[in-house]
Amino acid sequence: MKKRIALALGMIMMILMLGACGTDPTTVDYNGSSYDDLQLDMDTNVSLVQGLTDLFAENDMDPKNLPDGVTEQLIATYGVTEAQIEASAKWQDILDEFGDLKEVSDDTFTVTKSGNTLTTDMTLKMEKKDVNFEVVYDYYSMEITGISVDPIYTLSEKMSKAGINTLISMGIVFMVLILISLLIACFNIFPYLEKKKQQKKLAAASATEEAGQKEETAAAAVTASTPQTDDTELIAVIAAAIAASTGTSTSDFVVRSINRR
């Protein structure tokens, strides 16, 4: 029984959804606003954003960085919204990049309802490129929560931008990889420097040892070149003197060494 009820409810929902998809948007009531009301409001927003942009330009004010109190004064005096003031900054960027407005395409006006949000869109033809003007409402209060002004790019332009972004991203990745490789290569310098330091110490020690050996060799050469005094006659004289004074024979004792002083 429960399965049958669920199936029936599902069928009813599908029928309602199909009926909604086939509904003419111009005949739908959007929380008290008709299709024509929303289209008129769209035209008003376009004109208002243009007027705010001109007002800021005439008074040399940057809509992106307005002086304190100006926003509150505009809201209180002219009844504009913060979304419209912010859209004027976007509109100025569009004018700088794509030129002045040439035509408002009323036949491109669309209304989209999604949850608590109602969105209206319209294409504006500028001198260089078409622009999409979008107004977002809170569906239950019908207050404007946001306005966007964005250029409409063709598929080829989108692909071109995507390709450029891909190349830039790949370039950044390769640059980072090269930088990492260089950093890793730099770490190999430290063992090399340590090895060079050890080699210098070993070379200094070897030089000191060679110098010592040379000094010993020179000393030995000097000693070897010094003539040895023949002490044979002196030994005989000393032995004879000792034998004469003691009354003994020279064969009774042996002279081991002679120390000169």
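Lys-125 and Asp-130 form a salt bridge, with their closest N and O atoms 3.5 Å apart; the term covers a side-chain nitrogen of Lys or Arg within 4 Å of a carboxyl oxygen of Asp or Glu. This is a predicted model, in which local features need pLDDT of at least 70 and side-chain atom pairs count only at pLDDT 80 or more, while totals for chains, interfaces and linings use all residues. Residues are numbered from 1 along each chain as its sequence is written, and side-chain values use heavy atoms, leaving out hydrogens and water.

A search of the whole structure finds 2 salt bridges. Here they are:

| Pair | Closest N and O atoms |
|---|---|
| Lys-125 and Asp-130 | 3.5 Å |
| Lys-64 and Asp-93 | 3.1 Å |

Lys-64 sits in the loop between α2 and α3 (70-78) and Asp-93 in helix α4, so this pair ties together parts 29 residues apart in sequence. Helices (H or I, at least four residues) and strands (E, at least two) are DSSP runs, numbered from the N terminus. Lys-64 is exposed, at 56% relative accessible area, whereas Asp-93 is partly exposed at 36%. For these words, buried means under 20% relative accessible area, exposed over 50% and partly exposed in between (1.4 Å probe, protein chains only).
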